[in-house]
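Q: Got a model to go through with you. Can we take it piece by piece?
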Amino acid sequence: MLAPPLRTARKPTRPRPALARNEFTTPAERAREARWWATYAWIEERFYWVLPPDLQPLARQRYVQRIADFLHDAVHVIDYGCGNGWIARALARRVRARVTGLDFSPAQIALARATEVPAGARIDFQSLAGPQDLPVADAYLFHGVLHHLPAAEIHDLMNQVQRLAPRGARLVFVEPACFTGQPVGDAQRALLDRIQVQVEEPAAALRRLGRVPSATVQRLRGISSERWWGEQPCGPSPLERPFTGTELGTVVAHYFEPPELAVVQYLPASLAVASELAMLAEDAPELARSIAPALLGQVDELEGLLLASTPLPDSGWYLQMLTATVP
Ligand SMILES: C[S@@+](CC[C@H](N)C(=O)[O-])C[C@H]1O[C@@H](n2cnc3c(N)ncnc32)[C@H](O)[C@@H]1O
C-alpha cells in the first residue's frame, strides 16, 4: 500500500487554547523525568498502569475493543508514547493494520522489542526524538502520553498530526482527567464506598488465610508511596499532570472536528483492584488467579454505574477517550 498523500497544512487562525500546565519543560525537569522512568518503570509495568498480561485484559476490557473497532479499517496505526508496547500488541491482535509503536525512551522501546509479538501481527517499535519525527499514517493513537507533555509539545504534536494525517484518518486520545470541584452525591458516595471494599478485597483474602503481605510486597508498597513525590494532582512521574475535565476535548476540537468524548475508566476502581491483585499474586499466585475474574467483574459493574452518573464526582483520576476523524 502506498503511503497516503501529504496534505497541505491548515493552520488554525484562532488562538490556540490554553492548557493548565507548563508551556515548556526545562532540561533539568526532563532529566528528572528520565531518571524517574529509569527507576520506577518496572513498578508501573508490573503493578500499576500496564499490569501483568493476565490481569490487563480484565482491567482494560471497558475500552480496548472500542479502540480496535474504531480503527478497524486503518492501514497503518501509530501508537505514540507506546511504552512497553502492550496496547500496540493488543491492537495488532484485533485489527488488520500494521502497528508502529513510538516512544522517546530507548529503554521502553528495547522492552517493547523484546516482548513476543502475537502470531500474524504486523508490528514494529522505534524510538523518536519528538513530534518532528512523526511518520505519515492513517491512524494515530495517544494512550496515556499527552498528559506527560508540556503545552508547547502537545500543540507541536497536534500541528504535526494535522499536517500529516490524510483525510479520513482516525485519531484516538485516551488520557487521564480530573473533574475538580464537582461534589459527590449520596448515591455516588455509596458506589465509591462499595468500590473501596473491592479494592481492599485482595489484601483481605490474604488475611483470611492467616497470612500477612511478605517483606517484598511491603517493600513494593513503600516504594509506590515514595513515587508520589510531587504536588498533587501530579504524579506518579514528575511531569505527569492529568487534564481538567474539558481541556483535552477543547485542544482536539481546535485542530480537528469536535471529537466524540467518553469517560471510559475510573482509575481508583478496576485499575486499583488489578494493582492489588498483582501485589497479591506475589504472595499467593493461586489465590490471586482464582479471585481475579469475579472481583474484576464486580468492580467493573460498579465502575460502570459510577461512570453513568452525572456529574462525575471530583474524587480521583478518570480516563477520557476521545475519537475524531480528520475531515
Ligand atoms: C504512562 S506511559 C504510557 C505508555 C503506553 N502508551 C501505555 O499506555 O502503557 C507514558 C509513556 O510516554 C513516554 N513519554 C513521556 N514523555 C514523552 C515525550 N515527550 N515524547 C514521547 N514519549 C514520551 C514515556 O516514555 C512512557 O513510555
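Q: Which residues of helix H5 (residues 106–114) are buried?
A: Gln108, Ile109 and Ala112. Buried means 20 or more other C-beta atoms within 10 Å of the residue's own, exposed means 12 or fewer, partly exposed is in between, and C-beta atoms are placed from the backbone. This is a predicted model: local features need pLDDT of at least 70, side-chain atom pairs count only at pLDDT 80 or more, and totals for chains, interfaces and linings use all residues. Residues are numbered from 1 along each chain as its sequence is written.
Q: Why are those three on the same side of H5?
A: Because they cover an arc of only 100° around the axis, taken from the directions from the helix axis to the C-beta atoms.
Q: What's on the face turned away?
A: Pro106 and Ala114, both exposed.
Q: And what covers the buried residues?
A: Helix H1 (27–47), strand E2 (98–103) and strand E3 (123–127) are among the elements that do. Contact here is C-beta atoms within 7 Å. Helices (H or I, at least four residues) and strands (E, at least two) are DSSP runs, numbered from the N terminus.
Q: New topic, strand E8 (residues 318–325). How many of its residues are buried?
A: Six of eight.
Q: Which way does E5 (residues 170–178) run against E8?
A: Antiparallel, with eight bridges. Pairing takes at least two DSSP bridges. Arg170 stands opposite Thr325.
Q: How many bridges between E7 (residues 260–266) and E8?
A: Six, also antiparallel. There, Leu261 stands opposite Leu322.

Key: Contact = placed C-beta atoms within 7 Å.
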